[in-house]
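Me: Please take a close look at the aromatic packing in this structure. Walk me through one part of it in detail.

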Amino acid sequence: MMTTPELQTASLAPTTGRELGTWKTIKATVDDEIAWVVLNRPEKRNCMSPTLNDEMLQVLDAVSLSEARVMVLTGAGEAFSAGMDLKEFFREADALSPAQREITQRSAFEWQGPRLRNFSLPTIAMVNGYCFGGGFLPLSSCDIAITADDSTFGLSEINWGIIPGGNVPTAIVHTMSLRDSIYYSITGETFNGTKAAEMKLVTESVPRDQLLTRVLEIAEVLKTKNPAIIRVTKETLRHMRSMGWSEAENYINAKFAEAQYIDREDGRAKGLKQFLDDKTIRPGLEGYKN
Ligand code: COA
């Protein structure tokens with residue numbers, strides 16, 4: 001067994017928040033309308049076990065029922081996530097019946113994919129370190145991803161003899177270029193945060209000591225924006241790549257009407273009035289005031 005001289009176990013998340021519940025593998029708090037969801041198995045580099053996957057489904061419900069307006073997903077210690085748990089999710093699943101295996105897989109694919117992609121709040125992945133294999137799925141499912149320049153990313157499945165599974169292929173080709181997706185999947189070569197930003201796998205990469213500050217800055221901006229419009233905007237954009245122009249026009253028109261219908265702030269009327277009548281804002285440069 002390799003030894004780590006100084007194992008970091010804390011996360012960058014603020015420690016002042018209200019706990020949303022008690023889980024074995026996740027810590028979830030809300031602090032000033034920001035939910036901090038921390039994958040909390042630092043000794044296992046936050047790899048995703050069946051327990052963690054089941055618990056994440058509960059955590060996402062707890063966050064959506066809370067007062068949070070933004071959710072940040074991060075990891076405790078040195079990793080964001082070392083991917084799926086090779087012992088508990090793969091090796092131990094070999095002994096399960098096909099039906100049991102399917103149930104185990106379902107919770108993983110569900111939270112990492114559709115539940116996170118379609119989450120009611122805007123989501124930020126704060127990628128604090130290692131991100132491997134299956135970790136690319138929650139990473140891509142978050143709306144925004146900010147990492148540290150010295151984080152390490154890798155599509156390492158090739159290194160232990162499987163193809164990227166669990167919808168990782170879809171996640172990477174929707175986020176990275178096809179060229180980069182193939183190159184990194186068949187070589188297993190790692191890359192750092194700076195490179196991840198260059199490849200557009202993440203939104204931005206910053207020096208490690210600025211990671212939390214940058215994430216907080218973005219979260220504060222998101223808190224000032226109309227939650228209903230954020231939700232419908234992200235839902236709409238996520239469908240664009242798989243639609244032709246005609247279907248997209250039709251879908252966007254329907255989502256446009258839905259957004260006005262569900263917007264409790266009546267942002268459109270406020271924005272138009274404050275710009276056209278009151279002349280108190282210029283929407284090109286700032287948002288309307290509630
Ligand atoms: N599945 C299961 N266990 C994992 C794991 C994973 N994906 N990643 C790390 N661990 C466990 C190790 O087995 C070890 O457990 P132990 O202390 O009981 O022996 C512990 O976490 C620490 O890992 P270690 O390799 O000693 O840490 P490190 O800091 O030297 O290296 C990594 C970190 C992430 C580079 C290395 O753990 C690794 O390569 N993990 C696998 C990553 C991977 O290929 N994931 C793809 C899954 S699809």
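**Aromatic packing**

Reply: This predicted model holds 9 aromatic pairs. Take Phe136 and Phe191. Their ring centres are 6.4 Å apart and their planes meet at 80°, so this pair is edge-to-face; the angle cut-off for that class is over 60 degrees. Phe136 belongs to helix H4 (residues 136-141), while Phe191 sits in strand S10 (residues 191-192). The pair therefore ties together parts that are 55 residues apart in sequence.

Now the surroundings of each ring. Phe136 has 0% relative accessibility and counts as buried. Phe191 is buried too, with a relative accessible area of 5%. The cut-off for buried is under 20%.

Phe191 has another partner. With Phe153 it forms a stacked pair, 5.5 Å centre to centre, with 5° between the planes. Stacked requires planes under 30 degrees apart. This pair also links distant parts of the chain. Phe153 is in strand S9 (residues 152-154) and Phe191 is in strand S10, 38 residues apart. Both Phe153 and Phe191 are buried.

So Phe191 takes part in an edge-to-face pair with Phe136 and in a stacked pair with Phe153. These rings belong to one aromatic cluster, made up of Phe136, Phe153, Tyr183, Tyr184 and Phe191. Helix H4 contributes Phe136 and strand S10 contributes Phe191, while strand S9 contributes Phe153.

Terms used
Residues numbered from 1 in each chain as written. Predicted model: local features only at pLDDT ≥ 70, side-chain atom pairs only at ≥ 80, totals over all residues. Heavy atoms only, no water. Phe/Tyr/Trp six-rings, centres within 6.5 Å; stacked < 30°, edge-to-face > 60°. Helix = DSSP H or I, 4+ residues; strand = E, 2+ residues; numbered from the N terminus. Buried < 20%, exposed > 50% of the residue type's maximum accessible area, 1.4 Å probe, protein only.
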